Amino acid sequence: MGATKRWLAAIAILASQSATAAVLPQDRSDVMYHSYSGDGVSIDGPSVLLRKKIGNKVSLSANYYVDAISGASIDVRAQASKYQEERTETTIGADFLHNKTLMNLSYTNSSENDFEANSYHLSFSQDFFGDLTTLAVSYSRGDDEIRRVGDESFLEEASRQKFGVGLTQVVSKNMIVGFNAENVSDEGYLNNPYRAIRYRDQNSARGFSFVTEVYPNTRVSNAFSINANYYLPYRASIYGDIRYYSDTWGIEATNAKLGYIHTFGKAWILDAHIRFYQQDKANFYQDLFNRPDEFTFMARDKELSTYSGVSGGIGVTYQWQFSSDAFLEKSTFNFEFDYMQFNYDDFRDATAGGPVGEEALFSFSANVIRAYVSIWY
């Protein structure tokens, strides 16, 4: 049973699920390169993670992450030129173990030339019933400062709180099931200062003009998900999850993911997966308005529109196992690739030409790459 449970836990980690146990994270270092390319935007950069235990009760961690962003998405291309910017994110954290209780504290700073965010995270997890059941509770708070390049007088603030609870159950020697729920409350300046709505304008050569979006100052969202991992008898597993999301802006969304993990020999692990996503638009979203002050709240961010997406990906891991007497216990090289396709039902490509409000509906594809090396010591 012990070996089976460790195997299930390894699968759960590979599948990015929430199965946990009351043990400190292993000492490890990761170096990663990530890349996203889609909708005229390229994002890439490195990430470095260091984790080290102090005694048998404490584990410390630090992560440094960089996003170098260039290009312009469709809604920016319609009203402005391409841009370049860089976001850096630094996280420090500590895990504390007491009997079957694991506590995590972390602080994250995210910084851009026009955005500064600080967030704090606290979570507890407790094992019950012979370590077959794990209950996890978490709370996060974030405070943002939003500025606008070219406007030194512009300064807005927003705050965010998130409560989460998760229950993971080892159902049998082959199966783990998890349930998660979260509630997020946002307050303050919640829109992007560069985004704009478009409205009909007979005085414009294009037949429309742009004016800054206006969002509500509050937003409450809830999400529920169920995930499962099933171990197959030939050193493989299948996993999947379903998640439902809704918020006070009127958005409802559902996504589902199904994956398969297979090991080859002692060193290779293959992970293939597919994901579907669908959402309905926010109550105050429209592609085209009749005038700049038609409603109290107005948005044209395509992420608030009605759209669907499908993505498929594959991951390959190669593992080196070293001697038990060596300082390094093991190392892995991991490569992951995902292809994504998004189709929008009520967001039109304003750069495509044609009668106003009848332009072609927008769609785009994107490629995501992650390559990283992990070392356990």
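Contact here means heavy atoms within 4.5 Å. By that rule, and leaving aside neighbours within four places in sequence, Trp-249 is in contact with Leu-190, Tyr-215, Pro-216, Thr-218, Arg-219, Ala-282, Asn-283, Phe-284 and Leu-304. This is a predicted model: local features need pLDDT of at least 70, side-chain atom pairs count only at pLDDT 80 or more, and totals for chains, interfaces and linings use all residues. Residues are numbered from 1 along each chain as its sequence is written, and side-chain values use heavy atoms, with hydrogens and water left out.

**Nonpolar cores**

- A nonpolar core is a set of buried Ala, Val, Leu, Ile, Met, Phe, Trp, Tyr and Cys residues joined through side-chain atoms within 4.5 Å; buried means under 20% relative accessible area (1.4 Å probe, protein chains only).
- The largest such core has 25 residues, and Trp-249, Ala-282, Phe-284, Leu-304 and Tyr-344 touch the most other members.
- Strands S8 (151-172), S17 (330-348) and S18 (361-376) each give two or more residues to this core.
- A second, separate core has six residues, including Ala-78, Phe-208, Leu-288 and Ala-350.

- Strands are DSSP runs (E, at least two residues), numbered from the N terminus; two of them pair if DSSP finds at least two bridges between them.
- S1 (residues 28-38) pairs with S2 (residues 41-54) in the antiparallel sense over eleven bridges.
- Ser-37 stands opposite Ser-42 in S2.
- Two residues lie between the strands, and Asp-39 takes a positive phi near 55 degrees.

- S2 and S3 (residues 58-71) run antiparallel, joined by twelve bridges.
- Ile-54 has Val-58 in S3 as its bridge partner.
- Three residues separate S2 from S3, and Gly-55 in the turn has a positive phi of about 70 degrees.

Technical notes
Buried < 20%, exposed > 50% of the residue type's maximum accessible area, 1.4 Å probe, protein only. Helix = DSSP H or I, 4+ residues; strand = E, 2+ residues; numbered from the N terminus.
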